[in-house]
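Dear colleague,

I am handing over the structure below, and my notes on it follow. Please read them alongside the coordinates.

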Amino acid sequence: MWKMRSDFIHQKCLQSPVFSLKKTLTNLIQSITTQTETHKQFDSPEINLEIGLIHSFYHSYDKSLFFFEKASKLLELSVSLTGVMSKRMKYQQHDRATLHVAIK
């Protein structure tokens with residue numbers, strides 16, 4: 001777990017993605033997910049959020065969405081997005097489309 005965190009911090013310090021770090025992180029993620037599948041008590045939302053963040057950094061959005069949804073299920077969190085026409089500031093003359101996020 002800490003190796004994955006330190007390698008990801010190292011990757012973020014660099015200017016562009018490095019293939020060797022991506023490969024190392026992918027192997028670490030695979031070993032962590034197999035460990036959490038066999039020992040359900042170690043499956044935590046924090047781990048899933050960190051793995052999802054790593055996947056989104058490398059533009060693997062399908063994989064990151066899977067881990068973000070898994071974390072929200074573990075937290076029993078539901079998020080709904082709605083669009084509403086409203087004024088963001090009291091000085092605005094016209095209504096604008098605004099995104100509202102409802103978290104339950």
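In which loop does Glu76 lie? Glu76 lies in the loop between helix 4 and strand 1 (79–86), where helices (H or I, at least four residues) and strands (E, at least two) are DSSP runs numbered from the N terminus. This is a predicted model, in which local features need pLDDT of at least 70 and side-chain atom pairs count only at pLDDT 80 or more, while totals for chains, interfaces and linings use all residues. Residues are numbered from 1 along each chain as its sequence is written, and side-chain values use heavy atoms, with hydrogens and water left out.

Although Glu76 is not a glycine, it has a positive phi of about 55°, and with a relative accessible area of 71% Glu76 is exposed (exposed means over 50% relative accessible area, buried under 20%, and partly exposed in between, with a 1.4 Å probe and protein chains only). His59, which is not a glycine either, has a positive phi of about 65°; His59 is found in the loop between helix 3 and helix 4 (61–75), and counts as exposed at 57% relative accessibility.

Leaving aside neighbours within four places in sequence, Ile29 is in contact (heavy atoms within 4.5 Å) with Met4, Ile51, Ile54 and His55.
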